[in-house]
Amino acid sequence: MPVITLNPHFLELKPSYLFTDIARKVEAFQQSHPDRQVLKLGIGDVTLPLPEPVIQAIHNAVAEMGTAEGFRGYGPEQGYAFLREKICQADYTQRGIGCIQPEDIFVSDGAKSDTGNFLDILGQHLTVGVADPVYPVYVDTNIMAGRAQQIVRLPATAANGYQPGPDNLPQALDLIYICSPNNPTGSVASRELLQRWVDYCHDHHALLIFDSAYEAFISDPDLPHSIYELPGSETCAVEIRSYSKKAGFTGLRCGYTVVPAALKVTAEGRPDEVSLRQLWNRRQTTKFNGVPYIVQRAAEAVYSPEGEQACAGNIAYYKRNAALLKTSLAKMGYQVYGGSNAPYVWLKVPAGFSSWSFFDYLLEQQALVTTPGSGFGDCGEGYIRLSAFGSYEATQAAVQRLQQLPRQI
Ligand SMILES: *Cc1c(COP(=O)(O)O)cnc(C)c1O
């Protein structure tokens, strides 16, 4: 048996029981009710197949790799220029954002890894602000990095539209995570709120990490898709995006992180400014060898006219599910949030229930699987998350089952 020193912070992590507990309960239910068909409203994964133009691009790239001329070995760690230029054009320049250059874009195998990896370049003594409830990755990666005692949870409640702002903070923050559109609440940060956070970062020399993995679900023209729509953000914010939810890449794996050239920090003990982009580049070129050429061609195809159309069709499909869930539940008398510019509906459980007891009730009564809000943080207690990532037929069937429950139980 090896005798070694461990990273002690891994031992501070709380085991994550949420999805295993759900799976266990569903399994037990299915065992005792073999004839009941369970409907899943809990999935945080896409279900539609990859768009045809993406598949075509993959086929083409595979064929290229099999020829002497088309073969590619190691590519640039930051991503191929064809993709970085396309991203810059389509996601930033054409949307009126002039402060981002292709060199600021780092293509990766997804937003989850970037979210965690980015902490490699930051120091330990940071106070970190995250919403409560929250995407657990922000919290656990900071615990792994030794910041368990420096995490400040900002309540996301009905009163603040489930997007906390920078007022009345219990202490000053150095690093702030914002997820918009939000997982799990489905809320979206307004332009005004994001501007206040950007201003906060400038006033307090803080860094913002903006996770816009669900950006493609925004249809309200007033809501910002990118943090760089806000003036001053290019000197305080990093943006993390993904093709997972936008284009169905959860299994294919591709995303990117934007670190603007203008994002400079002053570090303790150093008189000069340090470029975060340069540090991130150093981190990536040392620890990462790039995303497969085939996958980057697939991501490029997302931006072709056919690709855009196909992805928009898939997003519209999920959004129709979200709208059906939201309007039907509201008609039944439930309090529902999110679901309009996001694939998640955040439902307040009826009086007398907790997140888990309502989860159990829906499973027992109607064989419906949801996600208890308390699994995402203490302020998620009293809510459940409903996902729009299932099929339309399953969503319709789920709504019919919900309608069979006593009204406003
Ligand atoms: C699904 C999701 C992502 C995407 O992660 P990938 O690693 O790119 O698949 C990022 N952030 C949040 C909040 C998510 O829910």
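Student: Which residues form one aromatic cluster?

Tutor: Tyr214, Phe217, Tyr317, Tyr318, Tyr344 and Phe389 do. Keep in mind that this is a predicted model.

Student: How many aromatic pairs does the structure hold?

Tutor: There are 25 aromatic pairs. A pair of aromatic rings is described by two values, the distance of the centres and the angle of the planes. Take tyrosine 138 and tyrosine 177: their ring centres are 4.7 Å apart and the planes lie at 20°, so this pair is stacked. The cut-off behind that word is an angle under 30 degrees.

Student: Where in the chain do tyrosine 138 and tyrosine 177 sit?

Tutor: Tyrosine 138 belongs to helix α5 (residues 136-144) and tyrosine 177 to strand β5 (residues 175-179). They are 39 residues apart, and the pair links distant parts of the chain. Both of these tyrosines are buried.

Student: What are the distance and angle for tyrosine 243 and phenylalanine 249?

Tutor: Their centres are 5.6 Å apart with 45° between the planes, and this aromatic pair is tilted. Tyrosine 243 and phenylalanine 249 are both buried as well.

Student: Which members of the largest nonpolar core touch the most other members?

Tutor: That core has 52 residues, and the ones with the most contacts to other members are Ile87, Ile176, Trp197, Ile227, Tyr243 and Phe249. Tyrosine 243 shows what such a position looks like. Setting aside residues up to four places away in sequence, tyrosine 243 touches Leu83, Ile87, Gly248, Phe249, Cys254, Gly255, Tyr256, Ala299, Val302 and Tyr303. There is also a second, separate core of 25 residues, with Ile151, Leu207, Ile240 and Leu263 among them.

Student: Now helix packing. At what angle do helix α10 and helix α12 cross?

Tutor: The axes of α10 (residues 305-331) and α12 (residues 392-403) cross at roughly 5° and come within 10 Å. An angle under 35 degrees counts as roughly parallel, which means that α10 is roughly parallel to α12.

Student: Which residues make the contact between α10 and α12?

Tutor: From α10 come Tyr317, Arg320, Asn321, Leu324, Leu325, Ser328 and Leu329. From α12 come Tyr392, Glu393, Thr395, Gln396, Val399 and Leu402. By type, the contact residues divide into 7 nonpolar, 4 polar and 2 charged. Tyr317 of this contact is also a member of the aromatic cluster we began with.

Student: Is threonine 371 buried or exposed?

Tutor: Threonine 371 counts as buried because its relative accessibility is 0%. This residue lies in strand β14 (residues 371-372). Threonine 371 and arginine 385 are 14 residues apart along the chain, with 5.1 Å between their C-alpha atoms. Beyond its neighbours within four places in sequence, threonine 371 is in contact with Leu18, Phe19, Ile22, Gly42, Phe376, Ile384 and Arg385.

Student: Where is isoleucine 121, and what does it touch?

Tutor: Isoleucine 121 is in the loop between α4 (111-117) and β3 (128-132). With 16% relative accessibility, isoleucine 121 counts as buried; the cut-off is under 20%. Not counting residues up to four places away in sequence, isoleucine 121 touches Leu276, Leu279, Trp280 and Arg283. The C-alpha atoms of isoleucine 121 and leucine 279 are 6.7 Å from each other, although the two residues are 158 apart along the chain.

Student: Finally, the backbone. Which peptide bond has omega of about -10°?

Tutor: As background, most peptide bonds are trans, and most residues other than glycine have a negative phi. The bond joining serine 180 and proline 181 is cis, with omega about -10°. The bond from asparagine 183 to proline 184 is cis too, with omega near 20°. Proline 181 is in the loop between β5 and α6 (191-204), and proline 184 lies in the loop between β5 and α6 as well.

How values were computed: Residues are numbered from 1 along each chain as its sequence is written. This is a predicted model: local features need pLDDT of at least 70, side-chain atom pairs count only at pLDDT 80 or more; totals for chains, interfaces and linings use all residues. Side-chain values use heavy atoms; hydrogens and water are left out. Axes are lines fitted to C-alpha atoms, for helices over the stretch in contact, and angles run from 0 to 180 degrees between N-to-C directions. Helices (H or I, at least four residues) and strands (E, at least two) are DSSP runs, numbered from the N terminus. Angles under 35 degrees count as roughly parallel, over 145 as roughly antiparallel, 65 to 115 as roughly perpendicular and the rest as oblique. Contact means heavy atoms within 4.5 Å. Ala, Val, Leu, Ile, Met, Phe, Trp, Tyr, Cys and Pro count as nonpolar, Asp, Glu, Lys and Arg as charged, and the others, Gly among them, as polar. A nonpolar core is a set of buried Ala, Val, Leu, Ile, Met, Phe, Trp, Tyr and Cys residues joined through side-chain atoms within 4.5 Å. Buried means under 20% relative accessible area, exposed over 50%, partly exposed in between (1.4 Å probe, protein chains only). Rings of Phe, Tyr and Trp (its six-membered ring) pair if their centres lie within 6.5 Å; planes under 30 degrees apart count as stacked, over 60 as edge-to-face and the rest as tilted.
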